[in-house]
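Please have the sequence and the model at hand while reading.

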Amino acid sequence: MSLLSVENLRVTFPTRQGPSEVVRGVTFELGRERLGIVGESGSGKSQTGRAILGLTPPPGKATADRLEFDGIDLRNASARTWRSLRGSRMSMVMQDPKYSLNPVMTIGRQLIEALRYSGGGAAKAEAMAMLEAVQIRDPERVFRAYPHELSGGMGQRAMIAMMLVTKPDLLIADEPTSALDVTVQVEVLRILDGLVRDRGMGLIFISHDLRLVSSFCDRVLVMYAGRVVEELDARDLSKAQHPYTRGLMNCLPKIDDDQRPLPVLERDAAWLE
Amino acid sequence: MADADLGEGRRRALPEWVPALARILGTVAVTMLGLMLITFFIGRVVPVDPVILVIGDRAPKSVYDRTFIELGLDKPIWQQFLIYLGQVFQGDLGDSFLTKRPIISDIARVFPATLELATVGILIGTLFGVPLGVFAAVRQGKLADQVVRVVGLIGYSAPIFWLGLLGLLLFYARLHWIGGPGRVDISFEYSFTNRTGLMLLDTAMQGEWAAFRNVVGHIALPGALLGYLSMAYISRMSRSFMLNELGQEYITTARVKGVPERRIIWVHALRNAAVPLVTVIALSYAGLLEGAVLTETVFSWPGLGQYLTNSLQKADMNAVLGCTLVIGTIYIGLNLLSDLLYTLLDPRVRRRT
Ligand SMILES: Nc1ncnc2c1ncn2[C@@H]1O[C@H](COP(=O)(O)OP(=O)(O)O)[C@@H](O)[C@H]1O
Ligand SMILES: [Mg+2]
């Protein structure tokens, strides 16, 4: 049985021009593997991730024919069910540590809080160990620091620590490295990769960077305007059929091939079906 | 690399308070000086002759000239200002032309009445306003939100003397639930000694519980009325600050962690909303301390508002300037307090101030 199954997931926001569907029938299965979701900005990646955690921001609404996590139907889950799942069994690394950490709480308190509400004890030792696991060299200091006292890379590592300290079965990482510079990016990826391997959890890795996703994940979903336009094994990326995926690939700069003019990403209304 | 730019803020936190405090005190000193400069020049500019204020307009020319020199009015203006500063620092704000007593003792007599009323008002306003605002924000657009909005709107638009008179008519004249105008019934006035001027405090400390109940009965209605007015404002501001915080990403983070909704609202969001709220509450309090003239009039409350209005009507210049100075000092003091609280509540400003 797969860890997560999603069938015909739709997320709709009411707007003045009528309802706007930003996720349109996303379907996939996830085992204890690394699944990448790529697509340009605004293609509905984040909203897909949030809908899985039941955190579609109001007044948005999420519907699905099937949304099961480890055999539990999430579609009409009670507040109690959600509380027993979020944090302890499913978690999400948020996009930008600058805005997604509480500015008036120390990192330590935010970490301990994650532990406390997932059934674990409020053990400081556990939190410190987790900070070390994400390669923070001075965990004691970071533990006592406020978010604004950390650099972007540090903040993102603290965020990852906070989401992993409860040892969830499913982790959604929403562009966990986009706000970071390249050297830190690589380091954070290595940390995530190690943790996924050691713990055997399912990972949904959201990114707009096709190359990054294909080198890091087992499987890739390519999203365009709220739809999955192609699903591929990461190895088979070169065999991609869909013109949008091919477009994304052509837009990757190559060192040995100086293309002029620069290729432009094509869009076609027909892809929306 | 990231370890290095963690910032030394934490380790050096204590010594950083020193320059911060020095700067705040410097600002206070400059503001106070500006305030006194203004009261001094208003005193010189108004068409009220300070000599006549002292001796009356029937005194002979020789007395006028002598007093003119006694008051130092022949000296250059900057010397006069220095003398004025010296007097103010010694607590000498001149004498009242109406009561013939030092202004400072007049103010010391009326201010506690206003302080007591304003404090009751702001406590009621905060204790009800903040939870109502939070509640409205959580139920945004729902019925509860609309109800809170309407209740607030009434507080904004209903004339206070009308509400006050209506309240007196109902609770005092009809139902006899509360005391009438004034701070205390005459029969209780001499059953306790005036120590702080705050009757609630004085009666409670002296164990005069019958008098205490009487004082409560008198302050209840005007206090509730002022509380209602500040509640209207505080709840509206709390609602908007909370809505802003609840839309932030860190709230989603807390939800992802499985934090219960109640804690998200009352700990995560409110703790952040408290930062700007402190200023709102402090300024409302200052507004009440200025002396709510209408309330004090309707309830015959012998406070600063009444005293100031009286002095203005009788052109009692020293009293008006004294009150202005006191009110200005209150604003500066409360601003300072809210700055300090702000620094305490928001770790981000600790390094900047
Ligand atoms: N709260 C919201 N209200 C209305 N539209 C939204 C809201 N959040 C996101 N959207 C829209 O949903 C679409 C998908 O957003 P998102 O999932 O964040 O994209 P991605 O993560 O792929 O960049 C975007 O067009 C965005 O404008
Ligand atoms: Mg996104």
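The following paragraphs treat confidence, the interface, the ligand and some local features.

**Basis and confidence**

This is a predicted model, in which local features need pLDDT of at least 70 and side-chain atom pairs count only at pLDDT 80 or more, while totals for chains, interfaces and linings use all residues. Residues are numbered from 1 along each chain as its sequence is written, chains are lettered from A and ligands numbered from 1 in the order in which they are written, and side-chain values use heavy atoms, with hydrogens and water left out.

The model has an ipTM of 0.88 and a pTM of 0.85. The predictor's confidence in each residue is given as pLDDT, on a scale from 0 to 100. Chain A has a mean pLDDT of 87, with 91% of its residues at 70 or more. Within chain A, helix α10 (residues 243-250) has the lowest confidence, at a mean of 75, and helix α1 (residues 45-52) the highest, at 96. Helices (H or I, at least four residues) and strands (E, at least two) are DSSP runs, numbered from the N terminus.

For chain B the mean pLDDT is 87, and 94% of its residues reach 70 or more. Confidence in chain B is lowest in helix α2 (residues 50-55), at a mean of 74, and highest in α11(B), at 96. The pLDDT is below 50 over residues 1-10 of chain B, a stretch that has 27 contacts in the model beyond near neighbours in sequence. Contact here means heavy atoms within 4.5 Å.

**The interface between chain A and chain B**

Chain A contributes 40 residues to the contact and chain B contributes 29 residues. The size of an interface is often given as the accessible area lost when the parts come together. Between chain B and chain A, about 3,200 Å² is buried, and carbon and sulfur atoms give 58% of this area. Buried area is the accessible area (1.4 Å probe) that two parts lose on being put together, summed over both.

Between the two chains there are 11 residue pairs in polar contact, with both residues at pLDDT 80 or more. On chain B, the side that touches chain A draws at least two residues from each of α11 (249-256), α12 (261-289) and α16 (347-350). The largest share of that side, six residues, comes from α11(B).

A salt bridge is a side-chain nitrogen of Lys or Arg within 4 Å of a carboxyl oxygen of Asp or Glu. B:Lys257 forms one with A:Glu113, the closest N and O atoms being 2.9 Å apart. Another salt bridge joins A:Arg50 and B:Glu249, with the closest N and O atoms 2.9 Å apart. This pair runs from helix α1 of chain A to helix α11 of chain B.

**Ligand 1**

The residues around ligand 1 (a heavy atom within 4 Å) include A:Phe13, A:Val22, A:Glu40 and A:Pro57.

| Residue | Polar atom of the residue | Distance to an oxygen atom of ligand 1 |
|---|---|---|
| A:Gly42 | backbone | 2.7 Å |
| A:Ser43 | backbone | 3.2 Å |
| A:Lys45 | side chain | 2.9 Å |

**Backbone features**

The peptide bond from A:Pro58 to A:Pro59 is cis, with omega near 10°. A:Pro59 lies in the loop between α1 and β4 (61-63) of chain A. In chain B, B:Lys100 has a positive phi, near 65°, in a residue other than glycine. B:Lys100 belongs to the loop between α4 (77-89) and α5 (103-138) of chain B.

Key:
A polar contact is a pair of N or O atoms within 3.5 Å; within protein, one must be able to donate a hydrogen and the other to accept it, and residues adjacent in sequence count only if both atoms are side-chain atoms.
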